[in-house]
Amino acid sequence: MEREINGELLNIPTHVAIIMDGNGRWAKKRLMPRNVGHAEGAKAIERTCRNADELGIKYLTVYAFSTENWKRSVEEVTGIMNIFRKYLVDSIERSNRENMRVCVIGKRDGLPDDIVEKINNLEEATKNNTGLRFNVAINYGGRDEITRAVKAIADKCNNNEFSVEDITEELISNHLDTWDIPDPDLLIRTSGELRTSNFLPWQLAYSEFYFTDILWPDFDKDALIEAIRYYNKRERRFGGVR
């Protein structure tokens with residue numbers, strides 16, 4: 001979809017994925033605790049959802065907490081979980097007001113029971129909204145996602161629901177956490193890091209990558225437009241030749 005933005009005609013990616021990096025560094029630069037940075041990062045999420053919707057992006061997926069993030073200090077993990085608790089509750093009213101559907105991807109086993117309950121409540125409350133589809137990856141790891149998909153497929157093979165010969169890329173995709181949405185067109189990573197950190201390894205096979213030095217709490221609409229502008233400079237061939 002093309003849209004005129006600031007006098008410039010840009011092709012808007014359907015699905016944008018973001019690795020939100022730099023909360024801790026943002027806080028450290030200001031001599032504040034890391035969890036202050038995570039709280040500011042949560043505000044940046046709300047801002048980015050509104051900006052994405054205004055620009056015409058249909059799907060937004062953010063990497064909020066990885067399966068590896070449990071290795072951080074107890075204090076930091078506890079602080080992040082408390083931010084999730086508040087965010088998941090506050091999001092119900094805000095998401096319904098903005099017609100946004102929220103889904104959480106990742107492994108729910110291992111999350112505190114009350115957070116799982118809040119996730120279920122948020123998803124149920126927003127399931128009929130038809131605006132931006134916002135996906136939050138919590139306790140998510142790409143290799144874990146693929147492993148869970150393989151196990152689910154193996155179980156179905158054992159139960160004679162289909163045979164090994166029936167396994168295709170489409171079948172595998174249909175057993176991933178993102179089974180009902182298109183793969184990302186564009187991946188954005190903030191804070192200057194140049195890796196995908198186990199985020200959507202299957203889905204990002206043909207995505208365009210955009211890296212910026214901006215720390216996540218400072219990411220704004222201008223930064224999102226700049227990423228889209230970069231995306232428009234890329235020629236997407238999906239393995240073919242033009």
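Contact is defined here as heavy atoms within 4.5 Å. Among contacts in the protein chain between residues at least 6 apart in sequence, 76% join residues at least 24 apart. The structure is a predicted model, in which local features need pLDDT of at least 70 and side-chain atom pairs count only at pLDDT 80 or more, while totals for chains, interfaces and linings use all residues. Residues are numbered from 1 along each chain as its sequence is written, and side-chain values use heavy atoms, with hydrogens and water left out.

The protein chain contains 7 helices and 8 strands, assigned as DSSP runs (helices H or I, at least four residues; strands E, at least two) and numbered from the N terminus. Its radius of gyration, taken over C-alpha atoms, is 18 Å, close to the 18 Å that the globule rule gives for 242 residues, so the chain is as compact as a globular protein of that length. The globule rule is 2.2 Å times the number of residues to the power 0.38. Along the principal axes, the C-alpha trace spans about 55 × 50 × 35 Å.

Of the 242 residues, 46% count as buried (under 20% relative accessible area, with a 1.4 Å probe and protein chains only). A nonpolar core is a set of buried Ala, Val, Leu, Ile, Met, Phe, Trp, Tyr and Cys residues joined through side-chain atoms within 4.5 Å. The largest such core has 44 residues, of which Ile18, Leu60, Phe84, Phe134, Ile188 and Leu224 touch the most other members. A second, separate core of 10 residues includes Ala17, Tyr63, Phe199 and Leu204.

How values were computed:
Buried < 20%, exposed > 50% of the residue type's maximum accessible area, 1.4 Å probe, protein only.
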